[in-house]
Amino acid sequence: MQKNYGFRAIAFDMDGVIIDSNSEIEKFWTKWAKVENIPFTDETAPKFIHGRTTIETIEELFQKSTEEKRREIGEAALAFDMNMRPALIAGAGIFLPELYESISKIALVTSAPLKRAKAMLDLHGLQKYLPYSITGEDVKSGKPDPEPYIKASVKMETAPGDCLVFEDSDNGILSALAAGMNVIAVNNNEIKSERIISVISDYTHLNIEENILIIDDLLIELIR
């Protein structure tokens, strides 16, 4: 059965949504958890790492570590973030420029600091295709709090219900849903909601024809 939607603005998370960085990020935090004798289970990354700022991860995951060790981890995380060179999620380098031709309000909503977000987008020449941004410095309460996506909707002067979000992490999806937005989940089947309108693995099978985004039997009008 064909499903039809229309949206005036699109928002993207970055890690795991635009850049294929999640596995490297998990390796980094797994290493430090081992150093500090902190159990790293299947629930650790979704709860404490993906969609969270570095400060939040350190404060919550390394509560028993000394202040000196937390500072050391923070410095290592900053160096790691700025020096990594992740590939793009398959098809993202083609999809984002095509999307930009059809809809003008596109935002990056990431827990990463602005400097890192800019570096990652510049690495792949994608900065111009995400003209709006909300980064870790812009919010007091990060994902899963709705603040990042609410601020994005305000910045784009678009009601939350008219915004579509591409997100991968549990924290990011919950943030977007709490803000009142619809979501396309990227490699995440864990969260159930009628406002998660599709689940995709990458962008290779997404097509845009005459301002209509086509995902399988889903037709999404991109409204300027």
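Colleague: Where does Asn 211 lie?

Modeller: Asn 211 lies in the loop between β8 (207–209) and β9 (212–215), where strands (E, at least two residues) and helices (H or I, at least four residues) are DSSP runs numbered from the N terminus. This is a predicted model, in which local features need pLDDT of at least 70 and side-chain atom pairs count only at pLDDT 80 or more, while totals for chains, interfaces and linings use all residues. Residues are numbered from 1 along each chain as its sequence is written, and side-chain values use heavy atoms, with hydrogens and water left out.

Colleague: And what is the phi of Asn 211?

Modeller: Phi is near 65 degrees, a positive value in a residue other than glycine. Most residues other than glycine have a negative phi. Asn 211 is partly exposed, with a relative accessible area of 29%; buried means under 20% relative accessible area, exposed over 50%, and partly exposed in between, with a 1.4 Å probe and protein chains only.

Colleague: Asp 216 next: is that one buried or exposed?

Modeller: Asp 216 counts as exposed, at 61% relative accessibility. Asp 216 sits in the loop between β9 and β10 (218–222), and its phi, near 55 degrees, is again positive.

Colleague: Which residues does the cis peptide bond join?

Modeller: The cis bond joins Lys 143 and Pro 144, with omega at about 15 degrees, and Pro 144 is found in the loop between β4 and α7.

Colleague: What do the buried residues of α7 pack against?

Modeller: In α7 (residues 147–155), Glu 147, Pro 148, Tyr 149, Ala 152 and Ser 153 are buried, and the buried residues pack against β2 (9–12), β3 (106–109), β4 (132–134), β5 (163–167) and α8 (170–178), contact meaning heavy atoms within 4.5 Å. The helix α7 runs at about 155 degrees to β4, where axes are lines fitted to C-alpha atoms, for helices over the stretch in contact, and angles run from 0 to 180 degrees between N-to-C directions.

Colleague: Now the sheet, what's the strand order?

Modeller: It is an open sheet of six strands in the order β4-β3-β2-β5-β6-β7, with parallel pairing; two strands pair if DSSP finds at least two bridges between them. Because β4 and β7 (196–200) stand at the edges with a single partner strand each, one side of each is left without a neighbour in the sheet. The twist averages 20 degrees from one strand to the next.

Colleague: How many bridges join β5 to β6?

Modeller: Four bridges join β5 to β6 (residues 182–186), and Val 165 stands opposite Val 183 in β6.
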